[in-house]
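Please keep the sequence and the structure in view while going through the points below.

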Amino acid sequence: MVLTHYLVCILHSFTSLAHQMIKRTNQDLPTPVKYFNPEIAKEYKKIEAGAEQRLLEMLPEEFQPDFEPFLLTTSAHPEDAAIVKQADSLCAYLKCLEELSAGNHEYALAKKRLDITLKERHTPEMAYFLEIFAPSFELTLDEIS
């Protein structure tokens, strides 16, 4: 049971890592841009799917069936997909906190949207992270040291 728990944790981490790799190779678009137009969103999903497939094909053939659920969105386990969405939302939220802390008010509206998203995707783990770790992202350099 303990071993299974650790393996699942590792696979969740791998899934999140793969998701971030795909975003980096495609230069992820900000959410308001990506979803401004349904056609843009549809085409961007095709680009992401192609990047996922390309990443899977980089693995040796014998590993591909085992890793497919962790690399291809269409094959992902719903729980894994939810965790990746949560991590993605948290990452964007932390970016907003940092930018607002630095005086960049361009991120105010994005933070408001993400406040809603985080409430919709609420889990005890996210609540813990937001309570314990997120406040440090609002500190200035002087407050950190």
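Among contacts in the protein between residues at least 6 apart in sequence, what percentage join residues at least 24 apart? In this predicted model, the share of such contacts that join residues at least 24 apart is 52%.

**Overall make-up**

- The protein has 8 helices and 0 strands, and its pattern along the sequence reads α-α-α-α-α-α-α-α.
- Of the 145 residues in the protein, 25% are buried.

**Helix 5 against helix 6**

- Helix 5, which spans residues 78-101, and helix 6, which spans residues 108-120, have axes that come within 9 Å and cross at roughly 145°, and the crossing in which helix 5 passes helix 6 is left-handed.
- On the side of helix 5, the contact is made by Ser89, Leu90, Ala92, Tyr93, Cys96, Leu97 and Leu100, while helix 6 contributes Ala108, Ala110, Lys111, Leu114, Asp115, Thr117 and Leu118.

**Alanine 108 in helix 6**

- Alanine 108 lies in helix 6 and is among the residues that make the contact with helix 5.
- Is alanine 108 buried, partly exposed or exposed? Its relative accessibility is 31%, so alanine 108 counts as partly exposed, given that this class lies between the buried limit of under 20% and the exposed limit of over 50%.
- Alanine 108 and leucine 97 stand 11 residues apart in sequence, and their C-alpha atoms are 8.9 Å apart in space; leucine 97 also belongs to the contact, on the side of helix 5.

**Aromatic rings**

- A search of the whole structure finds 3 aromatic pairs, one of which is formed by phenylalanine 63 and phenylalanine 67, a tilted pair with 6.3 Å centre to centre and 50° between the planes.
- Both members of that pair are partly exposed: phenylalanine 63 has a relative accessibility of 40%, and phenylalanine 67 has a relative accessible area of 26%.
- Why is the pair of tyrosine 128 and phenylalanine 133 edge-to-face? The ring centres of tyrosine 128 and phenylalanine 133 are 6.3 Å apart and the planes stand at 70°, so the pair is edge-to-face, because planes over 60 degrees apart are placed in that class.
- Phenylalanine 133 is partly exposed, with a relative accessible area of 41%, and ring pairs link Tyr128, Phe129 and Phe133 into a cluster.

**Glutamate 125 in helix 7**

- Glutamate 125 is found in helix 7, which covers residues 124-132, and its relative accessibility of 58% means that glutamate 125 counts as exposed, because the class begins over 50%.
- Glutamate 125 and glutamine 86 are 39 residues apart along the chain, and a distance of 9.9 Å separates their C-alpha atoms.

Note on methods: Residues numbered from 1 in each chain as written. Predicted model: local features only at pLDDT ≥ 70, side-chain atom pairs only at ≥ 80, totals over all residues. Heavy atoms only, no water. Axes fitted to C-alpha atoms, helices over the stretch in contact; angles between N-to-C directions. Helix = DSSP H or I, 4+ residues; strand = E, 2+ residues; numbered from the N terminus. Left-handed = near helix turned anticlockwise from the far one by under 90°. Contact = heavy atoms within 4.5 Å. Buried < 20%, exposed > 50% of the residue type's maximum accessible area, 1.4 Å probe, protein only. Phe/Tyr/Trp six-rings, centres within 6.5 Å; stacked < 30°, edge-to-face > 60°.
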